[in-house]
Amino acid sequence: MTLTIPPKPPARASRVSLWRYLRLFRQDILSAQPAKLYRAWMAEFRTPFFRSFLVNQPDLVKLLLKDRPDDFPKSDRIGEGLKPLLGNSVFLTNGETWKRQRRIIDPAFEGGRLKDTYPAMRAAAEAAVKRLEGRQGPVEIEEETSHAAADVIFRTLFSIPIEHEVAGQVFTRFRDYQRSQPLLNLAAFVPLPGWMPRFFRRGTRRNAAEIRALIAELTTERMAAIGAGTAPDDLATKIMTTRDPQTGSTFDTAEMVDQVAIFFLAGHETSASALAWALYLMALYPEWQEKVAAEAAALEDESFASVSKLKISRDVFRETLRLYPPVPMMVRQASCPERFRNRAVPKGAQMVLSPWHLHRHERLWENPDGFDPARWGTENGKRCQREAFIPFSAGSRVCTGAGFAMVEGPLILSMILRRFRIEPVAGKAPVPVAHLTVRSKNGIWLQLSKR
Ligand code: HEM
């Protein structure tokens with residue numbers, strides 16, 4: 001076990017004024033929180049205007065996500081910043097609309113389908129390695145992993161590489177959107193009255209409309225190809241031809257645009273973030289890097305089965321998701337009054353679930369801030385994996401792409417380390433901050449050399 005602690009953002013002082021808190025929050029939700037949240041089971045944010053509860057106790061997390069998800073729907077506020085882009089997508093909806101969407105989408109991501117998706121994923125990984133071969137000097141790796149993860153999504157969803165003109169444009173515009181709209185914004189904690197106008201930064205709405213027009217072009221073309229019987233057998237075709245088992249209906253083109261927007265956003269930002277942190281951790285812990293590189297020889301066999309042999313890479317990727325969960329916090333809303341830990345939780349209260357704090361909880365995990373992929377084989381690691389590890393959320397609303405991401409991440413990590421040795425760049429230690437996902441304040445810089 002290594003003693004160096006991977007980067008952790010500083011916590012704020014335990015007492016600050018509400019206004020100071022809001023200011024800190026606007027900069028970054030991670031460093032705006034006090035250190036006691038790493039030890040607390042539950043915390044209340046009580047202000048003159050709103051009440052939110054952070055829930056950090058495994059049985060309460062289970063209650064919200066697994067046992068009674070219908071009583072804790074997604075808060076409408078969470079979607080405020082994303083609505084112009086995501087419309088009525090499965091990430092934002094609730095109730096019957098959401099249930100129908102999941103019935104149509106889920107079959108495309110079932111275990112068996114992953115095997116069909118694998119060649120496209122592998123081709124994207126090979127393209128990423130090739131791009132890196134052309135790079136000299138220090139590399140900002142988040143940029144590269146975003147590119148790679150976006151490529152994975154376009155190839156698996158629409159059978160087109162990122163070099164395709166429309167795909168490339170969607171990718172660039174999403175990057176601009178991400179910089180202006182965090183996935184978890186202030187609005188989720190501070191309920192704004194309905195009459196108050198919502199301000200989007202200049203260009204945000206226009207940018208969203210342009211991204212949606214590009215996606216509409218892809219889905220309309222695909223709908224026509226399905227009609228003509230010439231569509232490739234990829235995720236888009238699968239989703240667009242799957243009938244809701246209860247009503248027999250399929251998605252129409254407009255509904256599909258909403259879903260494609262979220263697959264792209266949820267599927268590439270998150271994987272890119274995790275992969276960039278995983279590579280940084282490998283640079284920080286060369287003994288683990290060598291283990292992953294040695295194991296990666298299994299990938300000379302191109303079959304899907306070879307990925308199942310990447311046990312060390314998976315443990316490293318899982319440890320990365322623990323320390324740097326790409327979605328650091330999620331928000332639900334209490335639809336009826338509750339009593340938790342002897343505290344009254346009023347109807348309408350915002351319930352914050354924080355993978356970031358739960359994954360580093362000092363009363364649950366051994367060596368909570370340390371990097372130790374071997375922990376997953378220990379009793380404490382196994383128990384915490386079941387009870388205190390939710391990088392993909394849990395229950396019926398669990399990430400649809402969890403299985404997909406757990407193939408993609410270890411695969412790309414192994415393919416890069418099979419080819420390159422990586423080292424940190426002096427003077428450029430990354431500082432985690434929460435943008436749309438957990439990113440580094442000034443990028444993640446690595447020095448690559450060919451093995
Ligand atoms: C490391 C990679 C990933 C991580 C850590 C991740 C994490 C998450 C989390 C935490 C949620 C729940 C958010 C909430 O309830 O507020 C979620 C939802 C979702 N994710 Fe992922 N995700 C990843 C990759 C993917 C991929 C590759 C796809 C699709 C190709 C995807 C598609 C979705 C969708 C559609 C939802 C909404 C599900 C619903 O609300 O019913 N994700 N993801």
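Tutor: A definition comes first: axes are lines fitted to C-alpha atoms, for helices over the stretch in contact, and angles run from 0 to 180 degrees between N-to-C directions. Helices (H or I, at least four residues) are DSSP runs, numbered from the N terminus. This is a predicted model, in which local features need pLDDT of at least 70 and side-chain atom pairs count only at pLDDT 80 or more, while totals for chains, interfaces and linings use all residues. Residues are numbered from 1 along each chain as its sequence is written, and side-chain values use heavy atoms, with hydrogens and water left out.

Student: At what angle do the axes of α12 and α13 cross?

Tutor: The axes of α12 (residues 286-295) and α13 cross at roughly 140° and come within 8 Å.

Student: Which residues make the contact?

Tutor: Trp-288, Lys-291, Val-292 and Glu-295 of α12 meet Lys-311, Ile-312, Ser-313 and Val-316 of α13, where contact means heavy atoms within 4.5 Å. These residues divide into 4 nonpolar, 1 polar and 3 charged. Ala, Val, Leu, Ile, Met, Phe, Trp, Tyr, Cys and Pro count as nonpolar, Asp, Glu, Lys and Arg as charged, and the others, Gly among them, as polar.

Student: And how do α11 and α13 cross?

Tutor: The axes of α11 (residues 253-284) and α13 (residues 311-323) cross at roughly 110° and come within 9 Å. The two helices are therefore roughly perpendicular to each other. Among the residues in this contact are Trp-277 and Leu-281 of α11 and Phe-317 of α13. The contact has 9 nonpolar residues, 1 polar and no charged.

Student: What about α5 and α6: at what angle do they pack?

Tutor: Helix α5 (residues 111-133) packs against α6 (residues 141-158) at about 150°, with the axes 9 Å apart. They are therefore roughly antiparallel. The contact residues include Ala-124 of α5 and His-147 of α6.

Student: New topic: what does the protein give the iron atom as a donor?

Tutor: The iron atom of the ligand has a single donor from the protein, Cys-399 (SG), 2.3 Å away. Donors are N, O and S atoms within 2.8 Å of the metal (3.2 Å for Na, K and Ca); water is not among the atoms, so sites may look incomplete. Cys-399 lies in the loop between α15 (379-387) and α16 (402-419).

Student: Where does pLDDT stay under 50?

Tutor: That is residues 183-199; pLDDT is the predictor's confidence in each residue, from 0 to 100. Where pLDDT is low, the predicted coordinates should not be read in detail. The mean for the protein chain is 88, and 87% of its residues reach 70 or more.

Key:
Parallel < 35°, antiparallel > 145°, perpendicular 65-115°, else oblique.
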